[in-house]
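Q: I'm new to this one and would like a walk through it. Please keep it plain.

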Amino acid sequence: MRSFLSKLDRLIGGIVALLMALALALSTLGILSRYFLADFNLDWIGEVVVFLIIWAILLCIPRVERRSAHVRVDFLFDAMSPRGQKFAEMLSITIGILASILLVYAGWLVVGDAILWKERTPSTLHAPLWIYYSALSVAFALNLLFLIERAINVMQGRIAHPHDTNLAD
């Protein structure tokens, strides 16, 4: 399972990089089009850039979670006994699992409404908004996988400390 999750983590990283590169390219096209392609109606570029950036940001959440690199009060954690650290870590993971389940569920309710009401963006592209809304559920479903992996690691005595993680991969 660890190998699968590592490959999934790398895949997510690649997707995030691609989404950000596309957002940059489209932003550049939008700027250039104002001066050189004024006859073309590219009013949709801003929407698509927002879609791409929201997806990229939300997809980073599970990657940060997997590395246990989120914001935390290290001096309190470091002052705890190993048993206290394990308890604090499991409490944090449990809260994260509950929050992730809630966000997956709430996100899919919004996606369902967007599909039901056929919500679309106001630009000439008329992109379906469920694509945008589904980012929340997808990201937190992936987050659940990595939280479960962290819970297993903690139960086996492997507590990831943020100073021990490699954020570059």
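**Working through the model**

Q: Serine 68: buried or exposed?
A: Serine 68 counts as buried because its relative accessibility is 0%. Buried is under 20% relative accessible area, exposed is over 50%, and partly exposed is in between, with a 1.4 Å probe and protein chains only.

Q: What kind of model is this, and how are residues numbered?
A: This is a predicted model, where local features need pLDDT of at least 70 and side-chain atom pairs count only at pLDDT 80 or more, while totals for chains, interfaces and linings use all residues. Residues are numbered from 1 along each chain as its sequence is written, and side-chain values use heavy atoms, with hydrogens and water left out.

Q: Back to serine 68. Where does it lie?
A: Serine 68 is in the loop between H2 and helix H3, which covers 74–79. Helices here are DSSP runs of H or I with at least four residues, strands are runs of E with at least two, and the numbering starts from the N terminus.

Q: What about the phi of serine 68?
A: Phi is positive there, about 55°, although serine 68 is not a glycine.

Q: Which residue other than glycine has a positive phi near 50°?
A: Histidine 126 has that value. Histidine 126 sits in the loop between helix H4 (82–116) and H5. Its relative accessibility is 43%, so histidine 126 counts as partly exposed.

Q: How far is serine 68 from tyrosine 105?
A: Their C-alpha atoms are separated by 24 Å, and the two residues are 37 apart along the chain.

Q: Zooming out, how many helices and strands are there?
A: The protein chain has 5 helices and 0 strands. Read from the N terminus, the elements go α-α-α-α-α.

Q: Why is the chain described as more spread out than a compact globule?
A: Its radius of gyration is 20 Å, well over the 15 Å that the globule rule gives for 169 residues, so the chain is more spread out than a compact globule. That radius is taken over C-alpha atoms, and the rule is 2.2 Å times the number of residues to the power 0.38.

Q: What does the C-alpha trace span?
A: Along the principal axes of the protein chain, the trace spans about 65 × 35 × 30 Å.

Q: How much of the chain is buried?
A: Of the 169 residues, 36% are buried.

Q: Which residues have the most contacts inside the largest nonpolar core?
A: Leu8, Ile12, Leu19, Leu26, Leu52 and Leu59 do, in a core of 22 residues. H1 (2–36), H2 (45–67) and H5 (129–155) each supply at least two residues of this core. H2 gives the largest share, 8 residues. A nonpolar core is a set of buried Ala, Val, Leu, Ile, Met, Phe, Trp, Tyr and Cys residues joined through side-chain atoms within 4.5 Å.

Q: Which residues does leucine 52 touch?
A: Leaving out residues up to four places away in sequence, leucine 52 touches Leu19, Leu22, Ala23 and Leu26. Contact means heavy atoms within 4.5 Å.

Q: Now valine 154. Buried or exposed?
A: Valine 154 is buried, with a relative accessible area of 2%. Valine 154 lies in helix H5.

Q: Which residues does valine 154 touch?
A: Lys86, Glu89, Met90, Ile93 and Ile159, not counting residues up to four places away in sequence. The C-alpha atoms of valine 154 and methionine 90 are 7.2 Å apart, across 64 residues of chain.

Q: And valine 64, where is that found?
A: Valine 64 is in helix H2. With a relative accessible area of 34%, valine 64 is partly exposed. Valine 64 touches Ala69 and His70, again without residues up to four places away in sequence.

Q: How far apart are valine 64 and valine 154?
A: Their C-alpha atoms are separated by 17 Å, and the residues are 90 apart along the chain.
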